[in-house]
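Me: Hi! Could you walk me through this structure with me? I'd like to start with the charged pairs and then move on to pockets.

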Amino acid sequence: MASTPRDVATPGSVAEAVAVQEELRPLVDLVGPGPSAPETVAGLDVAYSQGGDLLAAAVTVLDARTLVVVDSAVCVGRPAFDYVPGLFAFRELPALLSALDRLATIPDLLVCDGHGLAHPRRFGLACHLGVVTGLPAIGVGKTPLVGTWDPPAAERGAWSPLLDGGDVVGRVLRTQDGVKPVFVSVGHRMSLENATAQVLALTPRFRLPETTRTSDRLCRDALSRAEHPH
C-alpha cells in the first residue's frame with residue numbers, strides 16, 4: 001500500500017493544496033462498483049488535542065461479517081497543514097497513511113469519518129485516501145459539508161439524495177429508526193448504491209458505523225496517552 005512522496009508531500013500553501021486536489025481529482029473512480037461482500041473493512045478517524053497542535057490518527061480493521069476488530073494501528077503526530085475549510089485532508093493524510101502502513105491486514109474497503117465526493121471541489125478525504133492508496137473508499141459524515149436535501153423517511157434504510165449545484169454528491173441515510181441521518185458519499189472505486197449498502201451493514205445497532213465507533217475510541221485513547229504519559 002505504498003504511496004509516492006508526491007502524493008503525501010505537504011503543500012506549502014493553500015494554492016498548492018488546491019492544485020493537488022485539482023490534479024488528483026480526475027483519478028477518482030466514482031463508478032466502482034466496489035466490493036459487494038468485503039471480508040475486511042477499515043475505519044479511519046483522527047482526534048485532536050484541545051489546542052489543536054497534536055493529533056492521533058487511528059485505523060481499525062473489522063471482520064465485515066462479525067464486525068469484530070481484527071487489526072488496528074495508530075499514529076500520533078502534529079497536524080501537517082493549517083485548518084482551512086475544504087483542505088482538511090492535508091492535515092490528516094500523512095498520519096492516516098502512516099497508520100495504514102502499520103497494519104498487518106490490507107482492508108478491502110476504507111470508511112472515512114468525513115466526506116468523499118460531497119466536497120466543494122468534489123475531492124474530500126475519502127477521495128484523497130482512495131486515490132493515494134488505490135483502495136475502495138467511502139466517506140460517512142456526521143454533518144454535511146456541502147449540499148441540500150430533503151429529510152429521508154424515519155425508518156432505517158431510508159435515504160434522500162444529497163444535492164450540490166445540481167449534482168448528486170451523496171445520500172442522506174437513516175441508519176436507525178428515528179435517529180439523525182448520516183451523509184454518505186463515494187470516495188474511490190465504489191458506487192453510491194454499494195456505499196449505502198455497506199454503511200447499513202456496518203450500522204446494525206447504532207447511528208454511526210462500527211468502523212467509525214472503533215476508530216474514534218482508538219484515536220481518543222491514543223491521544224489521551226500522548227497528552228498524559230504515565
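Me: How many salt bridges does the structure hold?
Reply: There are eight salt bridges in this predicted model. One of them joins D53 to R78, with 3.6 Å between the closest N and O atoms.

Me: Where do D53 and R78 lie?
Reply: D53 is in the loop between strand 1 and strand 2, while R78 is in the loop between strand 3 and helix 3, so the pair ties together parts that are 25 residues apart in sequence. D53 is partly exposed at 44% relative accessibility, and R78 is exposed at 55%.

Me: OK, and which residues are linked in a network of salt bridges?
Reply: That would be R122, D164 and D167. The D164 and R122 side chains meet at 2.9 Å, N to O.

Me: Is R122 buried or exposed?
Reply: R122 is buried, at 17% relative accessible area.

Me: Switching to the largest pocket: how much space lies in there?
Reply: About 670 Å³. Its lining has 31 residues, and F88, E92, D113, G114 and H115 lie nearest the centre.

Me: What classes of residue make up the lining of the largest pocket?
Reply: The lining has 17 nonpolar, eight polar and six charged residues.

Me: And which element gives the largest share of that lining?
Reply: Strand 1 does, with five residues. Helix 3 and helix 6 each supply at least two residues as well.

Note on methods. Residues are numbered from 1 along each chain as its sequence is written. This is a predicted model: local features need pLDDT of at least 70, side-chain atom pairs count only at pLDDT 80 or more; totals for chains, interfaces and linings use all residues. Side-chain values use heavy atoms; hydrogens and water are left out. On a 1 Å grid over the protein atoms alone, a cavity is a set of points where a 1.4 Å probe fits but cannot get out, and a pocket is an open set with protein on both sides within 12 Å along at least five of seven lines; lining residues have an atom within 4 Å of a point. Grid points are joined across faces, edges and corners, and a volume is the space filled by probe spheres set on the points. Helices (H or I, at least four residues) and strands (E, at least two) are DSSP runs, numbered from the N terminus. Ala, Val, Leu, Ile, Met, Phe, Trp, Tyr, Cys and Pro count as nonpolar, Asp, Glu, Lys and Arg as charged, and the others, Gly among them, as polar. A salt bridge is a side-chain nitrogen of Lys or Arg within 4 Å of a carboxyl oxygen of Asp or Glu. Buried means under 20% relative accessible area, exposed over 50%, partly exposed in between (1.4 Å probe, protein chains only).
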